[in-house]
Amino acid sequence: MEDVNKNLQPLQGKVAIVTGASRGIGRAIALELATQGANVVVNYASSSAAADNLVAEITAAGTEAFAEGVGGAIALQADVSKIDQVDSLINTVTEKFKRIDILVNNAGITRDTLLLRMKPEEWQAVIDLNLTGVFLCTRAVSKIMLKQRSGRIINIASVAGQMGNPGQANYSAAKAGVIGFTKTVAKELASRGITVNAVAPGFIVTDMTNDLKADEILKYIPLGRYGQPEEVAGMVRFLAADPAATYITGQVFNVDGGMVMA
Ligand code: NAP
(Lines give C-alpha, C1' and ligand atoms only; values in the text may rest on other atoms or scores of the structure.)
Protein backbone atom coordinates (compact mmCIF):
# COMPACT_ATOMS: atom_id res chain seq x y z
CA MET A 1 0.00 0.00 0.00
CA GLU A 2 1.29 3.50 -0.83
CA ASP A 3 2.47 5.48 2.19
CA VAL A 4 0.49 8.75 1.94
CA ASN A 5 2.90 10.43 4.37
CA LYS A 6 6.04 9.66 2.43
CA ASN A 7 6.25 13.09 0.80
CA LEU A 8 5.57 15.05 3.99
CA GLN A 9 8.42 17.20 5.17
CA PRO A 10 9.45 16.77 8.83
CA LEU A 11 7.88 20.05 10.02
CA GLN A 12 5.00 20.17 7.56
CA GLY A 13 1.94 21.85 9.08
CA LYS A 14 3.90 23.28 12.01
CA VAL A 15 3.94 26.99 12.75
CA ALA A 16 7.23 28.52 13.92
CA ILE A 17 8.05 32.02 15.15
CA VAL A 18 11.68 33.10 14.90
CA THR A 19 12.42 36.42 16.59
CA GLY A 20 15.11 38.56 14.98
CA ALA A 21 14.99 36.58 11.74
CA SER A 22 15.86 39.33 9.27
CA ARG A 23 19.61 38.77 9.56
CA GLY A 24 22.33 36.47 10.83
CA ILE A 25 21.54 33.38 12.89
CA GLY A 26 17.78 34.04 12.98
CA ARG A 27 17.65 34.25 9.20
CA ALA A 28 19.42 30.90 8.85
CA ILE A 29 17.07 29.33 11.41
CA ALA A 30 13.96 30.64 9.64
CA LEU A 31 15.23 29.33 6.31
CA GLU A 32 16.09 25.94 7.80
CA LEU A 33 12.69 25.51 9.49
CA ALA A 34 10.90 26.54 6.29
CA THR A 35 13.00 24.07 4.32
CA GLN A 36 11.78 21.42 6.74
CA GLY A 37 8.21 22.39 5.85
CA ALA A 38 7.19 24.77 8.64
CA ASN A 39 5.20 27.94 8.19
CA VAL A 40 7.61 30.52 9.53
CA VAL A 41 6.96 33.91 11.06
CA VAL A 42 9.97 36.10 10.30
CA ASN A 43 10.04 38.67 13.10
CA TYR A 44 12.28 41.74 12.85
CA ALA A 45 12.76 45.12 14.49
CA SER A 46 13.58 47.52 11.66
CA SER A 47 15.02 45.64 8.63
CA SER A 48 11.77 45.30 6.72
CA ALA A 49 13.47 44.92 3.32
CA ALA A 50 15.70 42.10 4.60
CA ALA A 51 12.71 40.34 6.17
CA ASP A 52 10.68 40.70 2.96
CA ASN A 53 13.62 39.32 0.96
CA LEU A 54 13.77 36.25 3.19
CA VAL A 55 10.04 35.65 2.82
CA ALA A 56 10.44 35.96 -0.97
CA GLU A 57 13.38 33.55 -0.91
CA ILE A 58 11.42 30.95 1.06
CA THR A 59 8.41 31.33 -1.19
CA ALA A 60 10.50 31.13 -4.36
CA ALA A 61 12.24 28.02 -3.08
CA GLY A 62 8.84 26.41 -2.88
CA THR A 63 9.44 25.20 0.63
CA GLU A 64 6.05 26.32 1.92
CA ALA A 65 4.05 23.87 3.93
CA PHE A 66 0.83 25.44 2.67
CA ALA A 67 -1.54 25.56 5.57
CA GLU A 68 -4.95 26.26 4.08
CA GLY A 69 -4.59 29.54 2.19
CA VAL A 70 -1.38 30.49 3.96
CA GLY A 71 2.09 30.79 2.48
CA GLY A 72 5.28 29.37 3.97
CA ALA A 73 6.55 32.56 5.56
CA ILE A 74 5.33 35.96 6.64
CA ALA A 75 7.29 38.91 7.99
CA LEU A 76 6.02 40.62 11.14
CA GLN A 77 7.63 43.67 12.70
CA ALA A 78 7.75 43.83 16.50
CA ASP A 79 10.21 45.04 19.09
CA VAL A 80 10.17 41.94 21.28
CA SER A 81 11.48 43.82 24.29
CA LYS A 82 8.10 45.61 24.50
CA ILE A 83 5.16 43.81 26.06
CA ASP A 84 2.46 45.45 23.92
CA GLN A 85 4.33 44.63 20.69
CA VAL A 86 4.92 41.03 21.77
CA ASP A 87 1.25 40.56 22.65
CA SER A 88 0.15 41.99 19.33
CA LEU A 89 2.70 39.82 17.44
CA ILE A 90 1.44 36.65 19.13
CA ASN A 91 -2.23 37.66 18.62
CA THR A 92 -1.61 38.23 14.91
CA VAL A 93 0.10 34.85 14.54
CA THR A 94 -2.61 33.03 16.46
CA GLU A 95 -5.39 34.65 14.44
CA LYS A 96 -3.68 33.80 11.16
CA PHE A 97 -2.38 30.29 11.82
CA LYS A 98 -4.59 29.13 14.75
CA ARG A 99 -1.60 27.46 16.43
CA ILE A 100 2.07 27.94 17.38
CA ASP A 101 4.32 24.88 17.49
CA ILE A 102 7.82 26.31 17.67
CA LEU A 103 9.18 29.51 19.23
CA VAL A 104 12.83 30.40 18.64
CA ASN A 105 13.86 33.26 20.92
CA ASN A 106 16.76 34.53 18.84
CA ALA A 107 16.57 38.35 18.77
CA GLY A 108 19.55 39.88 20.53
CA ILE A 109 21.85 42.88 20.67
CA THR A 110 25.21 43.77 22.18
CA ARG A 111 26.30 47.03 23.83
CA ASP A 112 29.88 46.00 24.65
CA THR A 113 32.10 47.99 26.98
CA LEU A 114 34.04 47.34 30.17
CA LEU A 115 32.09 47.42 33.42
CA LEU A 116 33.43 50.75 34.67
CA ARG A 117 32.43 52.46 31.43
CA MET A 118 29.08 50.73 31.07
CA LYS A 119 26.20 53.17 31.20
CA PRO A 120 22.98 52.06 32.90
CA GLU A 121 21.19 52.45 29.56
CA GLU A 122 23.69 50.07 27.89
CA TRP A 123 23.06 47.55 30.65
CA GLN A 124 19.29 47.99 30.43
CA ALA A 125 18.96 47.80 26.64
CA VAL A 126 20.69 44.41 26.56
CA ILE A 127 18.72 43.01 29.52
CA ASP A 128 15.44 44.34 28.05
CA LEU A 129 15.84 42.53 24.74
CA ASN A 130 18.10 39.55 25.44
CA LEU A 131 16.44 38.47 28.70
CA THR A 132 13.09 40.23 29.19
CA GLY A 133 12.25 39.70 25.51
CA VAL A 134 12.72 35.95 25.98
CA PHE A 135 10.41 36.04 29.02
CA LEU A 136 7.72 38.07 27.21
CA CYS A 137 7.66 35.89 24.07
CA THR A 138 7.82 32.63 26.01
CA ARG A 139 5.03 33.66 28.36
CA ALA A 140 2.75 34.74 25.53
CA VAL A 141 3.40 31.65 23.39
CA SER A 142 3.21 29.17 26.25
CA LYS A 143 -0.46 30.10 26.78
CA ILE A 144 -1.18 28.77 23.29
CA MET A 145 1.11 25.75 23.65
CA LEU A 146 -0.47 24.80 27.00
CA LYS A 147 -3.87 24.60 25.30
CA GLN A 148 -2.36 22.52 22.47
CA ARG A 149 -0.48 20.37 24.98
CA SER A 150 2.55 20.50 22.71
CA GLY A 151 5.30 22.87 21.68
CA ARG A 152 9.01 23.49 21.31
CA ILE A 153 10.71 26.55 22.76
CA ILE A 154 14.33 27.10 21.75
CA ASN A 155 16.29 29.95 23.30
CA ILE A 156 19.47 31.25 21.72
CA ALA A 157 21.89 31.83 24.60
CA SER A 158 25.67 32.21 24.24
CA VAL A 159 28.96 30.87 25.53
CA ALA A 160 29.30 34.32 27.12
CA GLY A 161 26.54 33.28 29.54
CA GLN A 162 28.54 30.22 30.53
CA MET A 163 32.14 31.41 30.68
CA GLY A 164 31.89 35.23 30.79
CA ASN A 165 33.60 37.60 28.39
CA PRO A 166 35.36 40.88 29.22
CA GLY A 167 33.36 43.82 27.88
CA GLN A 168 30.09 41.90 27.99
CA ALA A 169 28.86 42.12 31.61
CA ASN A 170 25.38 43.07 30.37
CA TYR A 171 25.30 40.46 27.60
CA SER A 172 26.71 37.58 29.64
CA ALA A 173 24.34 38.35 32.53
CA ALA A 174 21.39 38.28 30.13
CA LYS A 175 22.53 35.04 28.48
CA ALA A 176 23.21 33.34 31.83
CA GLY A 177 19.71 34.46 32.76
CA VAL A 178 18.34 32.83 29.61
CA ILE A 179 19.98 29.55 30.62
CA GLY A 180 18.44 29.63 34.12
CA PHE A 181 15.09 30.68 32.64
CA THR A 182 15.25 27.77 30.17
CA LYS A 183 15.74 25.21 32.93
CA THR A 184 12.94 26.55 35.15
CA VAL A 185 10.40 26.93 32.34
CA ALA A 186 11.33 23.45 31.06
CA LYS A 187 10.34 22.07 34.48
CA GLU A 188 7.11 24.12 34.58
CA LEU A 189 5.90 23.12 31.12
CA ALA A 190 7.15 19.53 30.84
CA SER A 191 3.93 17.91 32.04
CA ARG A 192 2.05 19.55 29.15
CA GLY A 193 4.27 18.17 26.41
CA ILE A 194 6.24 21.38 25.87
CA THR A 195 10.02 21.18 25.71
CA VAL A 196 12.31 24.14 26.39
CA ASN A 197 15.98 24.07 25.46
CA ALA A 198 18.80 26.52 24.87
CA VAL A 199 21.45 26.68 22.18
CA ALA A 200 24.70 28.40 23.12
CA PRO A 201 26.63 29.54 20.04
CA GLY A 202 30.26 30.49 20.24
CA PHE A 203 31.68 32.92 17.69
CA ILE A 204 29.39 32.95 14.64
CA VAL A 205 30.00 35.14 11.59
CA THR A 206 27.16 37.72 11.52
CA ASP A 207 26.74 41.50 11.71
CA MET A 208 26.99 41.16 15.50
CA THR A 209 30.56 39.89 15.32
CA ASN A 210 31.67 41.87 12.24
CA ASP A 211 34.11 44.07 14.12
CA LEU A 212 35.36 41.43 16.53
CA LYS A 213 37.19 38.94 14.32
CA ALA A 214 40.79 38.59 15.45
CA ASP A 215 43.45 35.89 15.43
CA GLU A 216 43.47 36.18 19.21
CA ILE A 217 39.95 34.75 19.39
CA LEU A 218 40.78 31.76 17.17
CA LYS A 219 43.23 30.53 19.83
CA TYR A 220 40.23 29.78 22.07
CA ILE A 221 38.32 27.80 19.45
CA PRO A 222 39.57 24.19 19.28
CA LEU A 223 38.14 23.71 15.77
CA GLY A 224 40.23 26.72 14.74
CA ARG A 225 37.58 28.68 12.84
CA TYR A 226 34.49 30.84 13.33
CA GLY A 227 31.06 29.26 13.01
CA GLN A 228 28.43 29.90 10.36
CA PRO A 229 24.76 30.72 11.07
CA GLU A 230 23.70 27.50 9.30
CA GLU A 231 25.62 25.48 11.87
CA VAL A 232 23.46 26.95 14.65
CA ALA A 233 20.34 26.46 12.53
CA GLY A 234 21.13 22.75 12.26
CA MET A 235 20.94 22.36 16.03
CA VAL A 236 17.65 24.27 16.14
CA ARG A 237 16.24 22.01 13.43
CA PHE A 238 17.20 18.99 15.53
CA LEU A 239 15.52 20.42 18.64
CA ALA A 240 12.34 21.17 16.68
CA ALA A 241 12.13 17.71 15.13
CA ASP A 242 10.02 14.66 16.02
CA PRO A 243 10.95 12.16 17.31
CA ALA A 244 14.61 13.23 17.45
CA ALA A 245 14.14 15.70 20.29
CA THR A 246 10.84 14.68 21.92
CA TYR A 247 12.63 13.40 25.05
CA ILE A 248 15.00 16.36 25.51
CA THR A 249 14.18 19.33 27.73
CA GLY A 250 15.97 21.82 29.98
CA GLN A 251 19.28 21.35 28.19
CA VAL A 252 21.91 23.70 26.80
CA PHE A 253 23.56 22.71 23.53
CA ASN A 254 26.83 24.37 22.60
CA VAL A 255 27.54 25.12 18.95
CA ASP A 256 30.92 26.71 19.49
CA GLY A 257 33.71 24.76 17.84
CA GLY A 258 34.62 23.33 21.24
CA MET A 259 35.04 26.58 23.19
CA VAL A 260 33.06 25.28 26.18
CA MET A 261 33.47 21.67 27.20
CA ALA A 262 31.41 20.87 30.29
P1 NAP B 1 22.50 40.01 14.23
O2 NAP B 1 23.12 39.52 12.97
O3 NAP B 1 22.92 41.32 14.79
O4 NAP B 1 20.92 39.99 14.04
C5 NAP B 1 20.10 40.40 15.10
C6 NAP B 1 18.66 40.17 14.76
O7 NAP B 1 17.87 40.57 15.89
C8 NAP B 1 18.20 41.00 13.58
O9 NAP B 1 17.28 40.24 12.82
C10 NAP B 1 17.48 42.17 14.25
O11 NAP B 1 16.42 42.73 13.48
C12 NAP B 1 16.88 41.48 15.45
N13 NAP B 1 16.53 42.43 16.50
C14 NAP B 1 17.31 43.39 17.07
N15 NAP B 1 16.60 44.07 17.99
C16 NAP B 1 15.35 43.53 17.99
C17 NAP B 1 14.17 43.79 18.71
N18 NAP B 1 14.12 44.77 19.65
N19 NAP B 1 13.05 43.07 18.44
C20 NAP B 1 13.08 42.09 17.49
N21 NAP B 1 14.18 41.78 16.78
C22 NAP B 1 15.31 42.50 17.04
O23 NAP B 1 22.75 38.95 15.42
P24 NAP B 1 23.17 37.41 15.38
O25 NAP B 1 24.63 37.33 15.49
O26 NAP B 1 22.45 36.71 14.30
O27 NAP B 1 22.58 36.93 16.80
C28 NAP B 1 21.36 36.23 16.92
C29 NAP B 1 21.29 35.66 18.33
O30 NAP B 1 22.38 34.80 18.56
C31 NAP B 1 21.35 36.73 19.42
O32 NAP B 1 20.52 36.38 20.50
C33 NAP B 1 22.80 36.67 19.85
O34 NAP B 1 22.98 37.14 21.16
C35 NAP B 1 23.07 35.20 19.73
N36 NAP B 1 24.48 34.85 19.61
C37 NAP B 1 25.22 35.29 18.57
C38 NAP B 1 26.56 34.93 18.48
C39 NAP B 1 27.44 35.35 17.33
O40 NAP B 1 28.65 35.06 17.39
N41 NAP B 1 26.94 35.99 16.30
C42 NAP B 1 27.13 34.14 19.49
C43 NAP B 1 26.35 33.73 20.53
C44 NAP B 1 25.02 34.07 20.59
P45 NAP B 1 16.70 44.03 12.51
O46 NAP B 1 17.44 43.48 11.33
O47 NAP B 1 15.35 44.51 12.18
O48 NAP B 1 17.53 44.98 13.32
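**Close-up views of the ligand site and selected residues**

**View 1. Tyr171 is found in helix α6, where helices (H or I, at least four residues) and strands (E, at least two) are DSSP runs numbered from the N terminus.** The model is predicted, so that local features need pLDDT of at least 70 and side-chain atom pairs count only at pLDDT 80 or more, while totals for chains, interfaces and linings use all residues. Residues are numbered from 1 along each chain as its sequence is written, and side-chain values use heavy atoms, with hydrogens and water left out. Tyr171 counts as buried because its relative accessibility is 8%; buried means under 20% relative accessible area, exposed over 50% and partly exposed in between, with a 1.4 Å probe and protein chains only. Leaving aside neighbours within four places in sequence, Tyr171 is in contact (heavy atoms within 4.5 Å) with Ile109, Thr110, Val126, Asn130, Ser158, Ala160 and Met208. The UniProt annotation "active site", from an unreviewed entry, covers Tyr171, although such annotations may be inferred rather than shown by experiment.

**View 2. The ligand is surrounded by 31 residues, each with a heavy atom within 4 Å of it.** The closest are Ser46, Ser47, Asn106, Tyr171 and Thr206. A polar side-chain atom of Tyr171 lies 2.5 Å from an oxygen atom of the ligand, a polar backbone atom of Gly20 is 3.2 Å from a ligand oxygen atom, and a polar backbone atom of Val80 is 3.1 Å from a ligand nitrogen atom. On its own the ligand has 890 Å² of accessible area, of which the protein covers 94%, as computed by the Shrake-Rupley method with a 1.4 Å probe. Two or more residues of the shell come from each of the elements α1, β2 and α6 (169-189).

**View 3. Arg23 is found in the loop between β1 (15-18) and α1.** With a relative accessible area of 44%, Arg23 is partly exposed, and, leaving aside its neighbours within four places in sequence, it is in contact with Ser47 and Asp207. The unreviewed UniProt entry places the feature "binding site" at residues including Gly20, Arg23, Asn106, Tyr171 and Ile204. The annotated positions span 185 residues in sequence, and their farthest two C-alpha atoms are 24.8 Å apart, so they do not all gather at one spot.

**View 4. Gln36 has its place in the loop between α1 (24-35) and β2 (39-44).** Gln36 counts as buried because its relative accessibility is 15%. Not counting residues up to four places away in sequence, Gln36 touches Gln9, Pro10, Leu11, Gln12 and Arg237.

Key: A polar contact is a pair of N or O atoms within 3.5 Å; within protein, one must be able to donate a hydrogen and the other to accept it, and residues adjacent in sequence count only if both atoms are side-chain atoms.
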